[in-house]
Every structure is written in C-alpha cells, then in structure tokens.
Amino acid sequence: GEEASGNPGNLKKGVVRNANVSPKGEEGDKKPTCMDVAKEDIKNNDRTSQQQLGDQNRTITSTQGVNNDIVKALDRITLQNIPSQTAPGFTAGAKKDYNLPLTVLTCTKACPHMAACGNVLFEGRTVQLGKLCCTGVETEDDEDTESVSSVEQASVEVSDGPTLHDSDLYIEIVKNTKSVPEYSEVAYPDYFGHIPPPFKEPILERPYGVQRTKIAQDIERLIHQSDIIDRVVYDLDNPNYTIPEEGDILKFNSKFESGNLRKVIQIRKNEYDLILNSDINSNHYHQWFYFEVSGMRPGVAYRFNIINCEKSNSQFNYGMQPLMYSVQEALNARPWWIRVGTDICYYKNHFSRSSVAAGGQKGKSYYTITFTVNFPHKDDVCYFAYHYPYTYSTLQMHLQKLESAHNPQQIYFRKDVLCETLSGNTCPLVTITAMPESNYYEHICQFRNRPYVFLSARVHPGETNASWVMKGTLEYLMSNNPTAQSLRESYIFKIVPMLNPDGVINGNHRCSLSGEDLNRQWQSPNPDLHPTIYHAKGLLQYLAAVKHLPLVYCDYHGHSRKKNVFMYGCSIKETVWHTSDNAASCDVVEDGGYRTLPKILSHIAPAFCMSSCSFVVEKSKESTARVVVWREIGVQRSYTMESTLCGCDQGKYKGLQIGTRELEEMGAKFCVGLLRLKRLTSPLEYNLPSSLLDFENDLIESNCKVTSPTTYVLDEDEPRFLEEVDYSAESNDDLDTELAENAGDYEPSAQEEVLSDSELSRTYLP
C-alpha cells in the first residue's frame with residue numbers, strides 16, 4: 001500500500017485532521033517527502049479554517065524549523081456546534097487503504113481541507129474534519145523507512161480477514177452514541193485505529209530502590225512546600241477553567257469516549273499530579289484512565305502521578321507499564337499503542353479517603369501510580385491508557401464490518417438488539433452459526449438442534465482486554481478457516497460482546513450508570529436499573545425452557561493482579577473439599593467435565609495457565625454470572641475467563657507483556673478449544689477411534705500436582721509478600737481489607753518507615 005509521506009501541522013489545539021491521499025500506483029513506492037513551508041504561507045492557508053474554529057479558541061502557531069524540528073501532530077475530531085453547511089472551497093479528500101487499518105497521508109504544498117460531514121448529533125452537533133497542515137515534516141532515515149515496510153508485513157500476519165477499521169464509519173457511529181457528558185471530541189487513536197507493533201515488549205524489570213526514592217520525593221513536598229508550584233492545569237469540575245498558555249506546560253484532555261481524567265495539578269516543572277474520575281453515580285472505583293497530553297518537549301523526563309487509586313496492589317509493581325499512543329508515530333506508519341514508562345511503582349500515599357468514599361471506613365488511604373516518560377517528538381499529541389482502549393463505538397464499527405463482509409450463503413450472522421441501556425444506547429446481541437446445507441428436512445433439523453454456546457464480555461468497563469479477546473473470537477468465527485466452518489456447523493453462538501455499554505462510553509472502571517457492579521446483579525436483576533443483565537439472563541432462561549440449554553457459558557474478564565490467562569469454573573465437589581473440615585468423608589459424586597475445556601486450552605493456547613484456574617464457588621461470588629448460570633440455569637460448563645492486564649510468566653510468552661495480538665489469539669484459541677470439546681463430547685459423530693474416548697480423563701489426570709483434594713496447585717503469581725486479596729473480575733473491591741502496610745513494595749522496611757512519617761500529615765481528597 002501507500003507509505004506515509006506527511007506529518008501534521010504545528011497546532012496548539014485542534015480537531016483531528018485528514019488529508020488527500022494519492023492513488024496507489026503513483027505514490028506507493030515513494031519515500032516520505034520532506035516539506036519546507038514558510039510561516040506566511042501557513043498563516044494564509046489557515047485563515048479560513050481559523051474562522052470556522054473561532055469559537056473553540058484554538059489558533060495556529062508559527063511553524064517550527066524543518067527536518068528534525070517536529071511539529072505538533074494531529075489532535076482529534078471535534079463534534080462542534082457549528083452549521084452543517086460546508087464552507088466554500090472545502091472538499092472531502094480522504095481515501096482508505098483497506099489492507100491496513102491506517103489512513104495513509106500524502107502532503108501537497110497547499111493545505112487540503114475536509115468538509116463538515118454527517119448528520120446532527122446531540123441537537124445540532126456535527127463532525128468537523130479539519131484540515132491537515134504540513135509545515136516541518138520530520139525526516140525519516142533509512143531505518144524508519146525499513147520499519148514502515150516491516151509494519152506492512154506484520155499487519156498481514158495479524159489477520160487474514162477483512163480490515164475491521166473504517167475511520168469514516170467510526171465517525172458515523174460516534175454521532176449516535178449517547179454519553180452523560182455529551183462528548184464533543186473523538187480521541188485520535190480510536191479514529192485512526194491500532195495495529196499490534198511488530199516487536200516484543202518484555203515485562204519491565206524494576207530497579208531496586210525506586211519506591212523508596214519516590215516516597216522520599218513526596219515527603220519533600222511536605223517539608224519544602226515553597227518549592228512546589230501547585231498550579232491547576234486541567235479541571236473538569238470548573239467548566240470556565242482556561243488552559244494556561246505558557247509554552248512549557250503540558251496540556252491535558254479527556255473529553256472523549258471512554259476518557260477518564262478529572263484534574264491535573266503541576267507540582268514541579270516537569271511533574272504532574274493526576275486525579276481520576278470515580279464511576280458515575282459512585283464515589284469510588286478509580287483505576288481506569290485514558291487521557292491526552294500535548295505540548296511536550298523531547299529529551300525531558302516528565303513524571304506523572306495518578307494519586308487517587310484505591311486497590312492496595314497492582315501489576316504496576318511487577319513489570320506492567322502504561323500504554324501510550326503517539327500521533328506523530330502514527331503518521332509515520334506506526335499506528336500502535338506501546339508500553340512506556342520508567343521508574344514505575346504503585347504505593348500508598350499520604351492522602352486519606354473520606355469516610356463516604358471509603359464506604360464508612362475512616363483512615364483508608366489512596367494509592368499512587370507513578371511513571372516517568374520521555375517523549376520522542378516535540379509538540380506531539382500523545383494518549384495514555386491503563387490498558388488498550390476498546391470503545392463502544394469501536395465494537396459497533398467492528399460488528400458492522402463483519403456483517404458486511406461475510407458470505408451469507410455460508411455463514412448465518414444476525415445482529416439484534418438485546419435491549420437499550422439507561423442512556424438509550426443499544427446492547428448488541430450476535431448470533432453466528434453455519435447455514436443449513438439445504439432446505440431438506442434433515443438439514444433444517446440439524447441446523448435447529450445444534451447445541452448453543454453463550455458468550456459475554458465487558459461487564460466491567462475498565463477490563464478492555466476482555467473486548468480484545470472477544471474481537472479475536474468474533475473474527476475467528478466469521479473467518480473462512482475450515483476449522484471455523486466446522487465450529488459453525490457444530491454450534492449456535494449467542495454472543496453479548498459488551499454487557500455494560502454505558503460504563504464503557506463514560507470511562508467507568510467497574511460500574512454501570514446505576515453506580516452498581518453489574519456482575520453482582522445476576523441473582524435478581526432489575527429490568528429498569530440493570531437491563532442488559534436482566535435480558536441476558538432472560539435469554540439464557542428461555543434457551544433452557546425450550547430444551548436448548550447452552551453446552552458452555554463463558555464471561556470474558558480482565559484480571560488486574562495475576563499474570564497469564566485462566567478460568568474460574570464451578571464444582572460442588574471442589575467447593576465442599578475447600579470448605580469442609582471432614583473433606584475425606586465427602587461422598588459427593590460429580591461429572592468432572594467442567595475441567596475439560598480449561599485443560600484443552602492449556603494445551604493449545606500459549607497464554608493460558610491451568611495452574612491458575614480454580615473451580616471453587618465462594619459465598620461472595622454467588623451473584624456473579626458464572627455462578628448464577630451454573631446454579632440457576634443449569635449450565636455445567638459455566639466459566640469466567642480472566643485475561644491478564646500485564647503479561648505471562650510461563651509458556652511461549654513468558655517474560656512478555658501481553659498485547660492485542662496475544663489477546664485476539666486467545667479468543668481464537670478459545671474457539672478451537674470448543675471444537676475439540678465437541679469432538680470429545682460427541683465422539684461417534686466425528687468417527688473418532690475408541691482410543692480417544694478416554695481422552696477427557698487423560699487430560700484431567702495428566703500433569704496434576706495435587707496436594708489436597710481441592711484443585712491443582714495454585715502456583716503463586718508473585719512473591720509471597722503480595723497481599724492475599726483476590727483482585728479478580730468477580731472480587732468485591734469495595735470490601736477489600738488492607739492487610740500489610742508494605743503490600744505493594746519491594747522494600748517493606750522502607751515503606752513502613754515512610755508511611756509512619758506521612759501519617760502525621762494526612763490530607764483529604766474529595
């Protein structure tokens with residue numbers, strides 16, 4: 001395809017820009033071009049655009065030098081209150097290369113412009129695609145040119161199916177997405193798309209003493225308060241707040257779908273404290289973040305402290321890094337999220353939670369995520385996120401692309417609306433299976449009598465990795481792979497890919513708009529407050545009533561504390577063994593088939609770890625999807641599949657942080673595991689030899705290290721000083737109790753000393 005041949009203009013703030021692309025045949029083999037555009041030309045060409053953007057108070061700054069002086073990159077698309085008519089002389093000039101999920105850009109000396117497009121959103125809001133102004137384009141050396149071609153090769157390996165990203169379609173979908181703050185912008189990564197980088201990202205090794213140093217620096221704030229700038233540079237609570245115009249201050253933004261950043265305070269020249277929003281209609285669950293930073297300088301170490309986290313430990317202490325997306329890099333044909341940051345740690349700070357925010361408990365502390373970043377480009381626009389973002393609009397775009405690309409003669413694909421959410425967004429329900437071979441009676445009967453598999457995901461908005469696993473599942477089920485065709489012929493798939501659309505849209509970490517954890521509402525869901533859970537459970541009850549009980553139910557989640565991918569299942573026997581003092585005399589008889597699918601996955605999926613699986617049903621989990629579907633609906637193979645936010649410590653990916661490629665692969669391998677499960681449960685149908693009839697028992701018995709009758713040995717994912725709090729997707733975060741003061745530290749004695757000092761000067765965050 002084409003190669004990127006231009007960079008964006010030097011903009012302080014602006015809307016996402018797009019540019020004309022030349023035909024493949026003309027520019028496909030050319031190297032990126034360097035442009036030298038005078039300051040006067042830029043000002044003249046930008047005059048019309050500035051008038052259109054006047055009410056946004058955004059201006060075009062003077063250009064930087066050419067060659068190595070990097071200009072400010074694209075910002076984002078803005079949904080503005082402007083007339084829908086197109087300004088004279090504005091023309092649409094975007095062309096997609098659908099072989100890459102990437103808009104390829106080519107510069108001309110005159111700045112092309114984009115027209116306002118689309119229908120009205122939120123009473124007169126339209127999507128304004130601004131111009132792309134090319135001033136000082138960064139020179140790409142030979143290595144960068146080679147990396148472009150390697151990106152193209154790598155992108156082919158990601159998926160052999162149709163490209164699911166379409167920027168124009170994304171904008172059309174955004175216009176119909178309803179959010180509480182009525183977002184007026186679209187984040188550039190969501191518009192431009194993400195492809196996995198063609199390199200591995202190892203788990204970060206943390207140098208000894210980092211946390212001691214960070215806490216000591218925090219104490220210095222209290223001792224030498226005159227050295228602290230303490231200036232608010234971003235504040236969602238104050239709508240009249242104006243952004244400082246000084247050139248050396250970073251500028252922040254989170255007013256886009258799934259964004260979460262409430263307030264930013266400049267502490268030192270290159271250090272900023274960040275405060276996150278709680279979940280809507282809640283006063284806690286601060287963990288998910290997604291925000292934009294601009295106005296940076298290269299070669300400067302910027303420290304970011306997210307100071308109101310609540311969990312008492314995190315994988316940030318064990319090698320996980322936050323994610324960053326650079327617009328400048330994307331324009332240089334590297335449109336991907338990468339793991340960044342040094343001196344990363346997660347520790348208890350000196351801010352106390354109010355009794356209201358702490359659920360009535362006094363004295364509970366907040367925790368800090370701190371990381372340091374060196375930006376590679378001057379005046380770039382970068383985005384940071386807790387994990388790879390996957391918005392509701394992205395899901396709708398992917399579903400539409402899958403629907404339009406499938407072969408209706410071969411694949412039965414139907415997208416229904418399960419229900420509407422509290423905000424009025426639709427919750428999609430997808431049905432996938434194979435079309436019957438013909439209209440003959442026996443073929444129609446076989447079509448109707450296929451067993452069901454019910455899948456769901458993203459009940460917790462901050463667990464974006466669950467959506468990437470679901471994307472892998474959906475793409476595999478819709479592929480032309482012969483195994484996928486066999487799978488479609490074997491099952492009818494009912495899939496709810498996003499159980500909590502409102503929470504995802506509004507940047508929540510765990511709750512819906514009702515302020516409740518939807519994965520605690522399965523026992524008695526309220527049709528008004530929890531519509532997605534109410535109707536998903538109703539559909540499962542209906543399938544059971546018409547004698548089509550699903551063979552498998554699986555709810556995809558993310559895990560913030562453990563590594564690898566693993567499952568939670570349900571077993572009466574293992575639960576009794578786990579809870580009974582007289583376990584040896586237990587006479588519970590139970591089919592061990594619930595272990596089969598996890599064991600299959602441990603053999604075929606490199607990220608899956610059987611030793612982390614558990615099949616015990618705890619009292620605190622009785623209202624979760626997994627337990628209710630098992631106990632009330634009667635699905636024996638009812639699971640929660642947990643994917644790490646960090647990485648793997650075993651198998652093929654040992655020592656590597658997990659990426660979207662590995663997550664999507666896990667979704668595809670789950671499908672392969674279902675086909676093997678089908679062959680094990682129906683061996684005669686596949687004419688398998690009798691020697692394989694005992695394969696299920698062999699799978700269960702092989703490689704078992706059993707020291708007690710409960711389950712496999714649960715190897716510790718982390719060193720033993722980690723507190724024994726289960727941060728699974730099903731855990732009660734609001735009931736977490738703090739154990740050791742040094743729970744999240746590599747240097748326990750140091751933290752104990754520091755915390756005892758900081759206790760003397762506690763302050764309160766609202």
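Modeller: Happy to! Rings of Phe, Tyr and Trp, the last taken by its six-membered ring, count as a pair if their centres lie within 6.5 Å. By that rule, this predicted model holds 33 aromatic pairs. One of them joins Phe304 and Phe384, with 5.5 Å from centre to centre and 50° between the ring planes, which makes the pair tilted. Phe304 belongs to strand β10 (residues 301-309) and Phe384 to strand β15 (residues 381-385), so their pairing ties together parts that are 80 residues apart in sequence. Phe304 has a relative accessible area of 0%, so Phe304 is buried. Phe384 is also at 0% relative accessibility and therefore counts as buried.

Ring pairs link Phe304 and Phe384 into a cluster with Phe252, Tyr272, Phe289, Phe291, Tyr302, Phe316, Phe371, Phe375 and Tyr386.

The ring of Tyr366 has the charged end of Arg353 sitting over it, 5.8 Å from the ring centre. For Phe566, the charge comes from Lys562, whose charged end sits over the ring at 5.2 Å from its centre.

Notes. Residues are numbered from 1 along each chain as its sequence is written. This is a predicted model: local features need pLDDT of at least 70, side-chain atom pairs count only at pLDDT 80 or more; totals for chains, interfaces and linings use all residues. Side-chain values use heavy atoms; hydrogens and water are left out. Rings of Phe, Tyr and Trp (its six-membered ring) pair if their centres lie within 6.5 Å; planes under 30 degrees apart count as stacked, over 60 as edge-to-face and the rest as tilted. Helices (H or I, at least four residues) and strands (E, at least two) are DSSP runs, numbered from the N terminus. Buried means under 20% relative accessible area, exposed over 50%, partly exposed in between (1.4 Å probe, protein chains only). A charge sits over a ring if NZ of Lys or CZ of Arg is within 6 Å of the ring centre and within 35 degrees of the ring normal.
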